[in-house]
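Good morning, colleagues. Please turn to the model on the screen while I take you through its overall features and then its helices.

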Amino acid sequence: MAAGIRRGLRSVNVTGDIASTSRGACAMLADTPYDVIVLDVILPDADGFTTCRQLRSAGEWTPIIMLTPRGGIDHRIRGLHAGADYYLSKPFAFSDLLTRLRILARRDSAERPAMIKVGSLRLDPTAARVWRGEQEIRLSAREFGMLEAFMRSPGQVLGHHQLLDAAWNLGHDYRSNVIEVYVRYLREKIDRPFGVRSLETVRGLGYRLRRDGGK
């Protein structure tokens, strides 16, 4: 599969190296800067989740796409916990992988903050945990992905495509109102119980999180 991906990348003038083990990948990354890492969960010496955590702990912030066996949403949650930026379930279309590679290659590799804070909202990207004040809020993986996108861009309007990109696989068969539905879910969890309004609708454009977090 790795050889097939590399052939596909070469066909569009993108170069790539292959490491067949976790140890080999870590050694290559220590010597060479890369734009994006494609990391399979199944490796002979350490699984991809463990490898991802090790890279992030070592200060390696290159964007990571994880390739997982077909399964449930738990893979996305584990990937978020480990520090991955995106995941694809096998089998996948090469066009999906290429699109994601191009998007992530434009992202810088700066270290991400251990905790994102907007007003009284706090989000831990690595542990996939969220709090309003001192009260922890339990979110689904997709709710978490959307909220993280909002909290990384407070005060900015995010459109449907940006929010889909944050919380769904490319090519996901989504309903036209799925973003509206999940924004409502978020409001029911991060706003209504606390008597605040942080998520605003910008008619015709999308949604934004208030810069004060709804204090």
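Accessible areas come from the Shrake-Rupley method with a 1.4 Å probe, and for residues only the protein chains shown count as cover. On that basis the protein exposes about 11700 Å², of which carbon and sulfur atoms supply 48%.

This is a predicted model, in which local features need pLDDT of at least 70, side-chain atom pairs count only at pLDDT 80 or more, and totals for chains, interfaces and linings use all residues. Residues are numbered from 1 along each chain as its sequence is written, and side-chain values use heavy atoms, with hydrogens and water left out.

The protein has eight helices and nine strands; these are DSSP runs, helices being H or I of at least four residues and strands E of at least two, numbered from the N terminus. Of its 215 residues, 43% are buried, that is, under 20% relative accessible area with a 1.4 Å probe, protein chains only.

Let me turn to individual helices. In helix α7, residues 160–167, the buried residues are L163, L164 and A167. Viewed down the axis of α7, they fall within an arc of 100 degrees, so they line one face of the helix; the arc is that of the directions from the helix axis to the C-beta atoms.

Finally, how do helix α1 and helix α5 pack? Helix α1 (residues 2–11) and helix α5 (residues 94–105) meet at an angle of about 65 degrees, with axes 11 Å apart. Those axes are lines fitted to C-alpha atoms over the stretch in contact, and angles run from 0 to 180 degrees between N-to-C directions. In contact, meaning heavy atoms within 4.5 Å, are I5, G8 and L9 of α1 with F94, L97, L98 and L101 of α5.

How values were computed
Buried < 20%, exposed > 50% of the residue type's maximum accessible area, 1.4 Å probe, protein only.
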